[in-house]
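Please read them with the model open beside you.

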Amino acid sequence: MQSSNPPSITVNASSDAAVRAEGAWVAAAFAERRQWKTLAHELERVHPSGAWDLLGIERLDHVGAQILWNAWGQRWPANVQAAPAHREIIEQVAKFSEVPEPPQGHSWMAQQVDILGGTVIHSLGHFKHLIELIGQLVFDLGRLLRNPMRGPWRDISGHLYRMGATAMPITALVGFLIGVVLAYLMSLQLRQFGAEAFIVNILGISLIRELGPMLGAILVAGRSGSAITAQIGVMRVTEELDALRVMGIPHGFRLVMPRALALAIAMPLIALWTTLAALAGGMLAADMAMGISPAYFMEALPAAVNLPNLWLAMSKSVVFGIFIALIGCHWGLSVKPNTQSLGEGTTASVVSAITMVIIVDALFAIAFKNVGF
């Protein structure tokens, strides 16, 4: 309620330019537009550093104190006479009006170093959790071997069908087209040197040893790895993971191990299927572009590619499958209970799985460079 005595100031020129404030300096009193414009005009005319007499103020709240503090230029005048309660309010306003200076900005290079350090620390946390999943998988496999009848075989068979059998059409199509493209590109080069017959060697060793397993793994990483993360992430959002923990059902034995086993079994078969489809495409393109008959292709292929190359491809496909499943489960278990985190986790799962496939393939190529030659 507005006071009957509005806020005002008077200047006493005979008393060393003393300014006397009177009335009720409260928020309700400043609501009257005319009174506020008059008071603001008077405050602009007075000298802020002179002597101020606030003993005539009837009531003072933080709004009135802020107006006085702003009129003083946010510093105390040379002489202020005020009641203790009013002085305390003004001191509080002065205290919280002090804004600290912003810290000096770092250079662009320092900011980039900070970002890189934070990324490394964040990545180390993910790597630590992935190592924990690997260790837990070893213990879960030991538990399964001790008591096979208690294993989650229905889950394993279901994941084996969804991740393996349903991936056959897309892997066959992509593998076939890759074989066709490689055969046509190599035919253009080999024809210049009269070495058309060596297309069997080049296609065989490249598809069986490297491209077939890696291409199948990349397709599975984008298809099944994202599905694993989405499934477990939705369980996190719907609090099913918390319910499993309350019921005493371990996440590793019922969620991680079935998916890892399913992909460890399915991945070599998918790699072999993709390789066969790519060889079929290469054989067809070689026949059409270079006149190399399928019969000659089939006869020369076993001599061109040694059997250890096939075993190496199948072995690293098992590693691909296990790591794709573990990475998908890791990002699924790391999802926070919101939809944005679910989308980010699914994207990170696909990128991490594909990167892992390329890194592991490079390590196998270096470690087993003398195998099969």
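1. Let me begin with a histidine. His 330 touches His 126, His 129, Leu 130 and Leu 133, leaving aside residues up to four places away in sequence; contact here means heavy atoms within 4.5 Å. His 330 sits in helix H11, where helices are DSSP runs of H or I with at least four residues, strands are runs of E with at least two, and both are numbered from the N terminus. With a relative accessibility of 5%, His 330 counts as buried; the classes are buried under 20% relative accessible area, exposed over 50% and partly exposed in between, using a 1.4 Å probe and protein chains only.

2. A word on the basis of these notes: this is a predicted model, in which local features need pLDDT of at least 70 and side-chain atom pairs count only at pLDDT 80 or more, while totals for chains, interfaces and linings use all residues. Residues are numbered from 1 along each chain as its sequence is written, and side-chain values use heavy atoms, with hydrogens and water left out.

3. Helix H4 (residues 108-146) packs with helix H11 (residues 307-333) at an angle of about 120 degrees, and their axes are 10 Å apart. Axes are lines fitted to C-alpha atoms, for helices over the stretch in contact, and angles run from 0 to 180 degrees between N-to-C directions. H4 and H11 are therefore oblique to each other; angles under 35 degrees count as roughly parallel, over 145 as roughly antiparallel, 65 to 115 as roughly perpendicular, and the rest as oblique. The crossing of H4 and H11 is right-handed, meaning that the near helix is turned clockwise from the far one by less than a right angle.

4. Which residues of H4 meet H11? They are His 126, His 129, Leu 130, Leu 133, Ile 134 and Leu 137, and their counterparts in H11 include Ile 322, Phe 323, Leu 326 and His 330. By class, the contact of H4 with H11 holds eleven nonpolar, three polar and no charged residues. For that count, Ala, Val, Leu, Ile, Met, Phe, Trp, Tyr, Cys and Pro are nonpolar, Asp, Glu, Lys and Arg are charged, and the others, Gly among them, are polar.

5. H11 also contains Gly 328. Is Gly 328 buried or exposed? At 0% relative accessibility, Gly 328 is buried. Gly 328 touches Gly 225, Ile 228, Thr 229 and Ser 349, again not counting residues up to four places away in sequence.

6. Another helix pair to look at is H7 with helix H9 (residues 251-290), which pack at an angle of about 140 degrees with their axes 7 Å apart. The crossing of H7 and H9 is right-handed, and the residues of this contact divide into 20 nonpolar, seven polar and one charged.

7. Glu 239 lies in the loop between helix H7 (199-237) and helix H8 (240-246). Its phi is near 65 degrees, a positive value in a residue other than glycine. Glu 239 is exposed, with a relative accessible area of 53%.

8. Now to the sheet. Four strands form an open sheet in the order E1-E2-E3-E4, with mixed pairing; two strands pair if DSSP finds at least two bridges between them. Strand E1 (8-12) and strand E4 (79-81) are at the edges with a single partner strand each, so one side of each has no neighbour in the sheet. Neighbouring strands of this sheet are turned by 15 degrees against each other on average, direction ignored.

9. How do the pairs differ in direction? E1 and E2 pair in the antiparallel sense over five bridges, and Val 11 has Val 19 in E2 as its bridge partner. Strand E2 (residues 18-25) and strand E3 (residues 51-60) run parallel, joined by six bridges. Among the partners in E3 are Ile 57 for Gly 23 and Leu 60 for Trp 25. Six of the eight residues of E2 are buried, so E2 is largely enclosed by the rest of the structure.

10. Helices cover the sheet as follows. Helix H1 (residues 33-45) lies across E1, E2 and E3 and runs at about 30 degrees to E1. Helix H2 (residues 62-71) packs on the sheet and touches E2 and E3, its direction making about 165 degrees with that of E3. In the loop between H2 and E4 you will find Gln 74, which is partly exposed, with a relative accessible area of 45%.
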